[in-house]
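Keep the structure in view as you read.

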Amino acid sequence: MATYSLSPVSAGRPKASDTTEPPDGQARVEYRLARNAVVEDVRRGRLTRVDVCDAHPELLRAARNVGTATGEDCPICEEAVTVAVTYVFGARLPPGGRCPGSARELNQLRRRDEPVLCYDVEVCPGCGWHHLTRKYPAGGRSARATGRR
Ligand SMILES: [Zn+2]
């Protein structure tokens, strides 16, 4: 499995779900719960912004350059709208993952013959808070199996 060097869920409690991957819908709910838990911890003072607003400079640059606005205010600083960034990991891609600069490039990566793993990350370009919102495989055989729309 590819490593995710940006560790979007570094803050807060680690999820004990590394053996079995839950179904996508359930995973999304779990990520959302983890997100809310971190936000809650910051509000209650159990975590500080320094603990959770530690986005890698590379991730912040991607957020500013190619991020898609989510329309949601950052729950931590409440001063900026968060953006969604996707990182793709796989063979012949950089070890730190590839952050496609356009929807077209992202689609090309998802349709590769080699399997890839995509990470959707929510990032606040204002304070550097970041959170994994979704993780899913693409490319390879899974693209062929689920590629119909
Ligand atoms: Zn923020």
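The largest nonpolar core has 27 residues, and Leu59, Val85, Tyr87, Val121 and Val123 touch the most other members. A nonpolar core here is a set of buried Ala, Val, Leu, Ile, Met, Phe, Trp, Tyr and Cys residues joined through C-beta atoms within 7 Å. Buried means 20 or more other C-beta atoms within 10 Å of the residue's own; exposed means 12 or fewer; partly exposed lies in between; C-beta atoms are placed from the backbone. The elements giving two or more residues to this core are α1 (24-43), α3, β2, β3 and β4. Helices (H or I, at least four residues) and strands (E, at least two) are DSSP runs, numbered from the N terminus. In soluble globular proteins, nonpolar side chains tend to be buried together.

This is a predicted model: local features need pLDDT of at least 70, side-chain atom pairs count only at pLDDT 80 or more, and totals for chains, interfaces and linings use all residues. Residues are numbered from 1 along each chain as its sequence is written.

Now take α3 (residues 57-66). Leu59, Ala62 and Ala63 are buried there. They share one side of α3 because they cover an arc of only 100 degrees around the axis, taken from the directions from the helix axis to the C-beta atoms. Pro57, Arg64 and Asn65, on the other side, are exposed. The cover over the buried residues of α3 includes β2 (81-90), β3 (115-123) and β4 (130-139).

β2 is mostly covered, with 7 of its 10 residues buried. Leaving aside neighbours within four places in sequence, Val85 has contacts that include Leu59, Ala62, Ala63, Val121 and Val123. A contact puts two C-beta atoms, placed from the backbone, within 7 Å. β2 pairs with β3 in the antiparallel sense over 8 bridges; pairing takes at least two DSSP bridges. Val88 stands opposite Cys118 in β3. β1 and β2 also run antiparallel, joined by 3 bridges. Asp73 stands opposite Val81 in β2.

Next, the loops. Most residues other than glycine have a negative phi. Glu78, in the loop between β1 (68-73) and β2, has a positive phi of about 55 degrees. Arg92, in the loop between β2 and α4 (103-110), has a positive phi near 65 degrees. Glu78 is exposed, with 10 other C-beta atoms within 10 Å. Arg92 is exposed too, with 8.

Finally, confidence. The mean pLDDT (the predictor's confidence in each residue, from 0 to 100) is 83 for the chain, and 79% of its residues reach 70 or more. Over residues 1-19 the pLDDT is below 50. Where pLDDT is low, the predicted coordinates should not be read in detail.
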